Amino acid sequence: MSVVTVDDLALRFGERSLFEDLSFALERGELLAVLGPNGTGKTSLIRILLGLLQPSAGRVVIEGCPPRERCHRIGYVPQQRVFDRDLALRGRDLVRLGLDGHRWGFGRLEDDARARVGSVLAEVGAAAYADAPVGRLSGGEQQRLRVAQALVADPVLILADEPLLSLDLAHQRDVVDLLDARRRSAGTPIVFVTHDVNPVLHTVDRVLYLAPGSWAIGTPDEVMTSTTLSGLYGTEIDVLRVRGRVVVVGTPDDQHVHHVENGH
Amino acid sequence: MFAQLLAQHFVHTALWAGAVVAIVSGAIGVFVVTRGMSFAVHAISELGFTGAAGALALGIDPVLGMFGGSLLVGVVLGFLSLRGRERDSAIGSVLAFGLGVGVLLLSLYHGYATEATNLLFGSIVGVSDTQLRNLVIVGAVVLAGLAMLYRPLLFSSVDPEIAAARGVPLRALSVAIFLLLALTTAEAIQVVGVLLVLTLVITPAAAAQRLTGRPALALVLSIAIALVSTEGGILLSLEKSWPTSFFISAISFGAYLAARIFDLWCGRQNRLSWSPPRRLWAVR
């Protein structure tokens, strides 16, 4: 049985339709990358999978239930947002919130919960700074802790929304490797939203490409081609392979991408 | 003279009232600071003043008016649950208008001007036994609320997106914290006055944050700093007849400065102890 089933999903805001008749299923251990330019509904799709946004049509089933009923078992890694420097919260506390932050009261940390937090911190290689205030850590360290927080409740599904944004290449690879290790060891499927396929290209199973008004799903070799993307955008798009990297030329936000890359 | 005053009943009442207000303010302050709600505290207290001025004009107990004004604003701000700049400008606009109304209401009231001064700058020594009892009841309600909401409140304060994904009801919590804050503010006004509420709700928590990274310890330290400031301020004002509010704000500000210096001094040592893993990554 598929872990996640998405049936005929549609999302419209007034007259504007982001996607129509979107259907796919996620199997155990599968990594799906969600690609596409800004404003095509990548983050909205994540919010629908979390049960935070009602789709205009269609439905999402996670392990046979509506998303809201499974929300405590979904690991969520959002876009990196830096913590306030003075926040009185250690990495250890941040991870623990992923375990029992939704429960009422102070709550005494039981021994097995404490051990669970400790082992996840070790798993992501964050044990050395687990007792430092999170606001004083680097962006890469904070993002490792967020991965640990997503893993601590033993999720049945991991949703990552641009988790690599504003990380340098080494930390990008670390985060991808950590999530990849989890799905290989525990079979947890991952939905990975990213504007750049290259950091996950070596490990991704399928790609969902959301273009303005249309979408395509398949293996990277099926979707990341000049023919498919030209069909999606309705204009001439070139997909080049340069030294193992995928380079897309001619999309509307192409200019922007070049600008960002020159900025580095 | 100091010993004589210390034996007086009204001084005991003041010390107890100060302790209650300090504990409640110090506790909620930690969440207020984490959620970046300092400006909202100021707005709630100034509109508590408007409520009290209205009550004076109507000839009823100003404390009731104060609770009314604070709660009304608290509920409105809680429901709006705005973030960032939008929230600041909304609060600023509401606050300015509320104060304007307060000035009008005060001009309609032809009683003693000391009532208004007491509201603005506090009058801890004027607390009656009945008022003390009410302070204890309201304080207990706030503490019970904070204890019950502790984990989801902490979660939604540090990481609203993930908390929402985990099923934490953000809006309901926002309304709840604003309500508890309105009750706390109306309490603190009676001790330090409208203009100095921040000295008990913000300063101790801001100092505590600089001293520790542990959320529970920050809570304890914040309460401790608020307690020392309030009780110390009351005792000092017995010795030297300057306003109590001045001493309270001076002690809590002193604690804040000391905490910042402590943080600066520790910063280097901490950085040394955390740097090895970071350097290893860079090499790899």
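A residue is called buried if 20 or more other C-beta atoms lie within 10 Å of its own, exposed if 12 or fewer do, and partly exposed in between, with the C-beta atoms placed from the backbone. With that in hand, look at helix α3(A): its face turned away from the buried side carries the exposed residues Asp111(A), Asp112(A) and Ala115(A). What you have here is a predicted model, where local features need pLDDT of at least 70 and side-chain atom pairs count only at pLDDT 80 or more, while totals for chains, interfaces and linings use all residues. Residues are numbered from 1 along each chain as its sequence is written, and chains are lettered from A and ligands numbered from 1 in the order in which they are written.

**The sheet in chain A**

- Helices (H or I, at least four residues) and strands (E, at least two) are DSSP runs, numbered from the N terminus.
- Three strands of chain A make an open sheet in the order β2-β1-β4, with antiparallel pairing; two strands pair if DSSP finds at least two bridges between them.
- β2 (16–26) and β4 (57–62) of chain A sit at the edges with a single partner strand each, so one side of each has no neighbour in the sheet.
- Strand β1 (residues 4–13) of chain A is joined to β4(A) by five bridges, and the two run antiparallel.
- Ala10(A) is found opposite Ala57(A) in β4(A).

**Helix α3 of chain A**

- This helix (residues 111–123) has 13 residues and reaches 18 Å from its first C-alpha to its last, close to the 18 Å expected at 1.5 Å a residue; the expected span is 1.5 Å times one less than the number of residues.
- Val117(A), Val120(A) and Leu121(A) are the buried ones in α3(A).
- Those three cover an arc of only 105° around the axis, which puts them on the same side of α3(A); the arc is that of the directions from the helix axis to the C-beta atoms.
- As a rule, an α-helix has 3.6 residues a turn, so residues three or four places apart point the same way.
- The buried residues of α3(A) pack against α2 (91–100) and α4 (139–151) of chain A; a contact means two C-beta atoms, placed from the backbone, within 7 Å.
- Just past the end of α3(A), Gly125(A) takes a positive phi of about 70°.

**Helix α4 of chain A**

- Eleven of the 13 residues of α4(A) are buried, so the rest of the structure largely encloses this helix.
- Among those buried residues are Glu141(A), Arg144(A), Leu145(A) and Val147(A).
- Their packing partners in chain A are β5 (74–77), α2, α3, β6 (157–161) and α5 (169–186).

**Where the chains touch**

- The contact takes 31 residues from chain B and 29 residues from chain A.
- On the chain B side, α7(B) gives the most, with eight residues.
- That side divides into 18 nonpolar, six polar and seven charged residues; Ala, Val, Leu, Ile, Met, Phe, Trp, Tyr, Cys and Pro count as nonpolar, Asp, Glu, Lys and Arg as charged, and the others, Gly among them, as polar.

**Two residues of chain B**

- Ile60(B) lies in the loop between α3 (38–58) and α4 (62–80) of chain B, and counts as exposed because it has 12 C-beta neighbours inside 10 Å.
- Pro160(B) belongs to helix α8 of chain B, and with 19 C-beta neighbours inside 10 Å it counts as partly exposed.
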